[in-house]
Amino acid sequence: MSWGANLAPFTLSGDSWRLLSSMFVHGGAMHLLLNMYMLLLIGPLAQKRFGGVGFLAIYLSAGLAAGLVSAWWYGTHPVTNLLMQSSIRLVASVGASGALMGLAGALCVAGLSDADMGGSQGKALAQVVLLNLGMGFMVSGVDQACHIGGLLAGLPLGVLGWLDRLKRRPLQRLLMFIALAGAAALGAHQASLALGSEDLSELAAQLRQQQAAEPAQP
């Protein structure tokens, strides 16, 4: 949590920066290596299709949207136990997979107009999407809301790859992607505030008090 994990009570109660920081925090070496493997599969495809700035803008925009969907899902859908008591699930979400799913979704749409997006490239995209979604259904502790949110956010962003006419105007293309990233950041911040509630704020305050009372780890 101190490194910036995405936890709904915090994220939706003023800590919207966690939507960004959680993309760069991982739950261990295997988690990091798995995401870097998927980045190796589709990163070059995305950079070729959208350019370096476009790659970064879509990655960050989809990652912010994925984190927001995760916080919304776990923060506004309490679970009910056998005693019919409802409570918020405290899910600390970390990792780059939401942003990677966004890249994959964008490439799936942008690739519809590319003759060279088939074959091994199509297999790489399918591998990333199916691996993430499959793990979400079969392995506990996987943030499926983040995966699905990132994939859905990436689909409309892929339309930007159809704007081939902007390839002849590099400045316009650059400004378009910068505007996209800025709008995504502002929109994610505003949405996180809108999705907040008094219950989440009270829970966040309780959690912060518990953190402050815990002895410092060596």
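Here is a short walk through the predicted model shown above. Residues are numbered from 1 along each chain as its sequence is written. Local features need pLDDT of at least 70, side-chain atom pairs count only at pLDDT 80 or more, and totals for chains, interfaces and linings use all residues, while side-chain values use heavy atoms, leaving out hydrogens and water.

Let us start with the record. An unreviewed UniProt entry annotates "transmembrane region" at residues 20-41, 53-75, 87-112, 124-141, 147-163 and 175-195; such annotations may be inferred rather than shown by experiment. In the model, residues 175-195 are 100% helix and 0% strand, with end C-alpha atoms 30 Å apart. For residues 124-141 the figures are 83% helix and 0% strand, and the end C-alpha atoms lie 24 Å apart. Helices here are DSSP runs (H or I, at least four residues), numbered from the N terminus.

Lys123 sits in helix α5 (residues 120-138). Its relative accessibility is 63%, so Lys123 counts as exposed (over 50%). Although Lys123 and Leu41 are 82 residues apart along the chain, their C-alpha atoms are separated by 9.4 Å.

Ser16 belongs to the loop between α1 (8-11) and α2 (18-21). Ser16 counts as buried because its relative accessibility is 15% (buried means under 20%). Setting aside neighbours within four places in sequence, Ser16 is in contact with Thr11, His189 and Ser192 (heavy atoms within 4.5 Å).

Finally, consider a helix pair. Helix α3 (residues 29-76) packs against helix α4 (residues 97-110) at an angle of about 105°, with axes 7 Å apart. That angle makes α3 roughly perpendicular to α4 (65 to 115 degrees).

How values were computed
Helices (H or I, at least four residues) and strands (E, at least two) are DSSP runs, numbered from the N terminus. Buried means under 20% relative accessible area, exposed over 50%, partly exposed in between (1.4 Å probe, protein chains only). Axes are lines fitted to C-alpha atoms, for helices over the stretch in contact, and angles run from 0 to 180 degrees between N-to-C directions. Angles under 35 degrees count as roughly parallel, over 145 as roughly antiparallel, 65 to 115 as roughly perpendicular and the rest as oblique.
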